[in-house]
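I opened a new notebook page for this structure. My plan is to look things up one at a time and write down what I find.

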Amino acid sequence: MKFKSWLLRSLSGIVYIGIIVGCIFWGPIPFSILAAIFGVLAITEFEKVCEGITENTLPITILDATGIIFLSFGWLGYPLLGWIVVYLCRMILELYLKSDKPIRCLAISLMGQVYIGVPLACMTFMGKYVGLHLILAIFLMIWINDTGAFVVGSLFGKKRLFERISPKKSWEGFFGGLGFNLIAGWLFAIGGGFFWEVKWNVITWLIFATVVTAFSTWGDLVESLMKRSLNIKDSGNIMPGHGGILDRIDSLLLVMPAAFIFLIIYYALFPEYTLLF
């Protein structure tokens, strides 16, 4: 039974990775469509576990999902106007829903837009104007961090990283993930210059790897905090052995905005390497 569960988990993970990598190499539009699909699934899971989706709240979920789609295509420019329209409609809609807790409903709705939609907007924007190869590097670093943290944490983990929220995470695991990512960053710098669209030196890649590792860990912890407060294990069950989409993209929901800020600062300091716009 354990082998069957492990096999199912492995196969679903391979399919998940294959879809992401395939869409990255396919181009900005297919990748944005994938981001929109992930976003719609994630916002649906988020609102389901926070408030529940009923006949009365279904219009809210549909409207919020529409906003996520607009944000996923925000790099085209005009979809951002569509998101503003969604925002206005969402605020006005609350007047007619006769909810007992309108502030709570609005807070959940708008938090979902920010928590899920904004990172996806940052991701697709970077993919278009900096290069989808960098997005691939970010995904690889997130996965490498998870692997390194799991391996080192399982073997040597003793000091709890954030026991109140995630009892299994350890400082040893965190530094294991960081170590794996620093090695990956070094390899990206010395061996991947011909592949990556950004031409960074070793120091830049190492700093970037550290940023990804830190915010990947925080992203995982933020979702763990929400799940613990809601007394649930997974956000959904769409991926066998992995939980929901929100469980799979929790790290990148903090990594992508952090990476976006990193790029803005980097290209402000070194304008000769600017690729944005």
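**Entry 1: helix α4**

I started with helix α4, residues 78-97. It has 20 residues and reaches 29 Å from its first C-alpha to its last, close to the 28 Å expected at 1.5 Å a residue. I keep in mind that this is a predicted model.

Next I asked which residues of α4 are buried. They are Pro-79, Gly-82, Val-86, Arg-90 and Glu-94. Just after α4, I noted Lys-98, which takes a positive phi of about 55°.

**Entry 2: aromatic pairs**

I searched the whole structure for aromatic pairs and got 19. One of them joins Phe-208 and Phe-262. I logged this pair as tilted, with 5.1 Å centre to centre and 55° between the planes. The pair links distant parts of the chain. Phe-208 sits in helix α8 (residues 202-230) and Phe-262 in helix α10 (residues 252-269), 54 residues apart.

Tyr-266 is buried, with a relative accessible area of 9%.

I then checked for a wider group. Phe-208, Phe-262 and Tyr-266 belong to one aromatic cluster, together with Phe-188, Trp-200, Trp-205 and Tyr-267.

**Entry 3: the nonpolar core**

I turned to the largest nonpolar core, which has 54 residues. Which members touch the most other members? I listed Ile-116, Ile-135, Ile-138, Phe-139, Trp-200, Trp-205 and Phe-208. Helix α6 (residues 132-156) gives the most to this core, with 10 residues.

I picked Ile-135 and looked up its contacts, not counting residues up to four places away in sequence. Ile-135 touches Ile-24, Phe-31, Met-123, Met-126, Gly-127 and Met-256.

**Entry 4: salt bridges**

How many salt bridges does a search of the whole structure find? It finds five.

I wrote down the bridge between the side chains of Glu-51 and Arg-104, at 2.8 Å from N to O. This pair links distant parts of the chain, 53 residues apart. Glu-51 is in the loop between α2 (28-50) and α3, and Arg-104 is in helix α5. Glu-51 is partly exposed, with a relative accessible area of 36%. Arg-104 is partly exposed as well, at 39%.

I moved on to Asp-220, which forms a salt bridge with Lys-169. Their closest N and O atoms are 3.0 Å apart. Asp-220 is in helix α8 and Lys-169 in strand β2 (residues 166-170), 51 residues apart. Asp-220 is buried at 18% relative accessible area, whereas Lys-169 is partly exposed at 25%.

Lys-227 lies in helix α8 and Asp-247 in helix α9 (residues 245-249), so the pair ties together parts that are 20 residues apart in sequence. Both residues are buried. I also found that Glu-223 joins Lys-227 and Asp-247 in a network of salt bridges.

Methods: Residues numbered from 1 in each chain as written. Predicted model: local features only at pLDDT ≥ 70, side-chain atom pairs only at ≥ 80, totals over all residues. Heavy atoms only, no water. Helix = DSSP H or I, 4+ residues; strand = E, 2+ residues; numbered from the N terminus. Expected span 1.5 Å × (residues − 1). Buried < 20%, exposed > 50% of the residue type's maximum accessible area, 1.4 Å probe, protein only. Phe/Tyr/Trp six-rings, centres within 6.5 Å; stacked < 30°, edge-to-face > 60°. Core = buried A, V, L, I, M, F, W, Y, C linked by side-chain atoms within 4.5 Å. Contact = heavy atoms within 4.5 Å. Salt bridge = Lys/Arg side-chain N within 4 Å of Asp/Glu carboxyl O.
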